[in-house]
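Here is a short briefing on one protein model. Keep the sequence and the 3D view at hand while reading.

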Amino acid sequence: MNIINITKQYYSKCLKLTAEDFFDCQGFKYVETKNQDSTVKELSDSFLLFAFLDYNKVIITYNPILNEKIEQVKKLNEKYAIITSLVKVFPKYHLNALYIYTNPIIDIDLVGTRILEVEDLKYYAEYFESLNPMIKIDNLQEKEFFEKCLKQLIIGTFINNKLVCVADISRLPYMEGEIKHISITTLPNERQKGYGKKTAHFASKHLISLGICPQWDHTNINFSAQKLAESIGYRYYGDAFIVKEEEFMKDNIKKEIDYDQIMKEQEHYSKEVEERYGQSNEYKISKQRTSKYNKKDWENIFELQEKNLDNLVKCYIEKRNFDDEKLLEVVEEAQRIIDKFFYPCSIEMMSNLGMMYINDERFKKFYEKRAIGLARYYNDAIQFYVTKNN
């Protein structure tokens, strides 16, 4: 097994690059790709940006939704200046140190360290509840423990018949079956005694024996994890700066509703709306309904619309197909909100609205602010919904 090549190949996949492009790159490289949102959603970690930084190169791959922010970073040409800029531009981030295993021969006392078995549940439950005093282990966690045991993916160290340290071996977003991540957790009152080191060493060698490459990373400021990793043969390779989709969406998509500003904009366009649609039944019904709404009613409506728009953006970032249930729910919810709070919204009306979102520059600009291409995507989703329900 070529551990170095497998690990580098995994990091290249995180960057959405071929192994050759990753290996050959020197200096600074920025890659805009719609694929930078993680392809394995079950892991719950979807990335909008993944940056690799080492002594010789800086590679940043990012989703187009981040284009404007990345332009601020591109002006720089020094690793630590780039990291500082990334931190300012993306306040919620993850900065991890990445490692490559060298598979050394080390003499470490492994007495008490072994692969856990299903019969060890009682010890694992005590360990789990010591780490989480307010939580009792539940059926789902028991099931996960059993599955890990059957796959030989959980290692433990026992001292005086007590489980004090666990190495959890978990899947990664790419190269399933070739590489797995190792994480170590020691009971707080048992730390600094070498149990983490022996457990991590055993787990690393165990994976090698299974023909699987071990992978190790930790937060950049976790110096005890750095010391542990280096002591058992992990070599520092570079840093990863990661922006996760969910965290970015919370900060940049969900905005506090400004009632006064929205009402001012409605007032600004009210004359135009009346001139264009004043004779229609929809306009008359909407006028009658909305005249009765107070500030609280409007804020409730705006909140529903904003939440649905957030879900639309999420579907777009995840590249959901037009027949996807979640995307169809977004269109259906938009129709429901209009129908309930403004005017009867037929299938035909939804189709007209979808076309307006791409043909009227103001509506198009509104959606494009959220994500480039969102207006077209939304209209296409609406037209699919209309055809499906006609």
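Predicted model: local features only at pLDDT ≥ 70, side-chain atom pairs only at ≥ 80, totals over all residues.

The aromatic pairs number 28. An open sheet of 5 strands is present. Disulfides number 0.

**Aromatic pair Y93 and F241**

- Y93 and F241 form a stacked pair, because their ring centres are 5.0 Å apart and their planes meet at 10 degrees. The cut-off for stacking is under 30 degrees.
- Y93 sits in the loop between α4 (79-89) and β4 (94-101). F241 belongs to strand β11 (residues 234-244).
- Y93 has a relative accessible area of 31%, so Y93 is partly exposed.
- F241 is at 0% relative accessibility and therefore counts as buried.

**Aromatic pair W298 and F302**

- W298 and F302 also make a stacked pair, because the centres of their rings lie 5.5 Å apart with the planes at 25 degrees.
- Both residues lie in helix α12 (residues 295-317). They are 4 residues apart, which is about one turn of the helix.
- W298 is buried, at 6% relative accessibility. F302 is buried too, with a relative accessibility of 6%.

**Aromatic cluster and lysines over rings**

- One aromatic cluster is made up of Y10, Y11, F22, F23, F52, Y174 and Y237.
- The ring of F23 has the charged end of K8 over it, 5.8 Å from the ring centre. The face of F22 has K57 over it, at 4.4 Å from the ring centre.

**The five-stranded sheet**

- The strand order is β5-β6-β7-β8-β9, and the pairing is mixed.
- Which strands stand at the edges? They are β5 (113-115) and β9 (213-215). Each has a single partner strand, so one side of each lacks a neighbour in the sheet.
- From one strand to the next, the twist averages 30 degrees.
- Strands of a sheet pair through backbone hydrogen bonds, either parallel or antiparallel.
- Strand β6 (residues 154-159) and strand β7 (residues 162-170) run antiparallel. They are joined by 6 bridges.
- I155 stands opposite A167 of β7.

**Helices across the sheet**

- Helix α1 (residues 3-14) lies across β8 (179-186) and β9. Its direction is at about 50 degrees to β9.
- Helix α5 (residues 121-131) lies across β6, β7 and β8. The angle between α5 and β7 is about 90 degrees.

**Loop residue T33**

- T33 is placed in the loop between β1 (27-32) and β2 (47-53).
- Is T33 buried or exposed? T33 counts as buried, because its relative accessibility is 14% and the cut-off for buried is under 20%.
- Neighbours within four places in sequence aside, the contacts of T33 are K16, T61, Y62, N63 and P64.

**Cysteines**

- How many disulfides does the structure hold? The count is 0.
- C315 counts as buried, at 5% relative accessibility. C345 counts as buried as well, at 5% relative accessibility.

Conventions. Residues numbered from 1 in each chain as written. Heavy atoms only, no water. Phe/Tyr/Trp six-rings, centres within 6.5 Å; stacked < 30°, edge-to-face > 60°. Helix = DSSP H or I, 4+ residues; strand = E, 2+ residues; numbered from the N terminus. Buried < 20%, exposed > 50% of the residue type's maximum accessible area, 1.4 Å probe, protein only. Lys NZ or Arg CZ within 6 Å of the ring centre and 35° of its normal. Pairing = 2+ DSSP bridges. Axes fitted to C-alpha atoms, helices over the stretch in contact; angles between N-to-C directions. Contact = heavy atoms within 4.5 Å. Disulfide = S-S within 2.5 Å.
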